Amino acid sequence: YTQKPPYPILSGLVGSEMCIRDSLGTMSGSGSGIRNTRKYTDVLTAAHVCQLPIEVQLMGGRQTITLFNIHGQEYFGEIYALDFENDLCLIRIDGKKPVLRIAREDPGIGDSVFYAGYPNGLYKPGLLHFFHGYFNGIDSERSGYYSIPAAPGSSGSAIVNSRGLVVGLVSAVMANFHNSTIGPSVEPINMFLLLSENCDKFCVK
């Protein structure tokens, strides 16, 4: 893959974005490399993407997660941290991979935002879907609202601002209007990453 997207800020999404496959072999969501440690990369996605499918629960099975990057490379991941209240999950994979940076503050209302992901599980090597929209504001529960299209499979995609910094995450979309998307904002994402770094909170034991 050599062609670069027309917006330079989206180049970071090309390297960091991954498609996530669950225990049933379903392409269940998207995720973004967000933090490097000495030996690992933590991939940020939505907590509901990391949930064990009910069919596997009933059989007493365990969650197995496989991730694929744009080049078709396959990685096996383990759930490292979960925050169900804000719908956040970290999946840890071996090796250092490209990562995104988190913004210090939320966008202004009407600011442009972008994300890349795999809606409806449409994944093939060399393929990544890009979307552009606008930031609408934050509610009292610190959820961000965006005028940007999404669908099942988009869940977990990092939403970035015009500088390529993460300002949110695709968590939910209105059932009857798929251009209105909701997800955790900068504050809960930063808190999740901070408290999970040394396992003060959120880590899966």
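This is a predicted model: local features need pLDDT of at least 70, side-chain atom pairs count only at pLDDT 80 or more; totals for chains, interfaces and linings use all residues.
Biologist: What is the strand order in the open sheet of seven strands?

Modeller: The order is 11-10-7-8-9-13-12, and the pairing is antiparallel.

Biologist: Which strands stand at the edges?

Modeller: Strand 11 (166-169) and strand 12 (172-174) do. Each has a single partner strand, so one side of each is left without a neighbour in the sheet.

Biologist: And what does the twist average from one strand to the next?

Modeller: The average is 40°.

Biologist: How many bridges join strand 10 and strand 11?

Modeller: Strand 10, residues 158-160, pairs with strand 11 over three bridges, in the antiparallel sense. Within that region, Ile 159 has Gly 168 of strand 11 as its bridge partner.

Biologist: Which strands does helix 4 touch?

Modeller: Helix 4 (residues 186-197) packs on the sheet and touches strand 11 and strand 13 (177-184). The direction of helix 4 makes about 95° with that of strand 11.

Biologist: Let us turn to the loops. Where is Asp 106 found?

Modeller: Asp 106 lies in the loop between strand 6 (88-94) and strand 7.

Biologist: What is its relative accessible area?

Modeller: The value for Asp 106 is 28%. Buried would require under 20% and exposed over 50%, so Asp 106 is partly exposed.

Biologist: Which residues does Asp 106 touch, not counting those up to four places away in sequence?

Modeller: Asp 106 touches Phe 135, Ile 138, Val 167, Ser 185 and Val 186.

Biologist: How far apart in space are Asp 106 and Val 166?

Modeller: They are 9.2 Å apart, C-alpha to C-alpha, with a separation of 60 residues in sequence.

Biologist: A change of topic: what is the phi of Asn 120?

Modeller: Asn 120 has a positive phi of about 60°, although it is not a glycine. Asn 120 sits in the loop between strand 7 (112-117) and strand 8 (129-138).

Biologist: Is Asn 120 buried or exposed?

Modeller: Asn 120 counts as exposed, because its relative accessibility is 61% and the cut-off for exposed is over 50%.

Biologist: What about the phi of Arg 142?

Modeller: Arg 142 also is not a glycine, and its phi is positive at about 70°. Arg 142 belongs to the loop between strand 8 and strand 9 (143-147). With 30% relative accessibility, Arg 142 counts as partly exposed.

Terms used: Residues are numbered from 1 along each chain as its sequence is written. Side-chain values use heavy atoms; hydrogens and water are left out. Two strands pair if DSSP finds at least two bridges between them. Helices (H or I, at least four residues) and strands (E, at least two) are DSSP runs, numbered from the N terminus. Axes are lines fitted to C-alpha atoms, for helices over the stretch in contact, and angles run from 0 to 180 degrees between N-to-C directions. Contact means heavy atoms within 4.5 Å. Buried means under 20% relative accessible area, exposed over 50%, partly exposed in between (1.4 Å probe, protein chains only).
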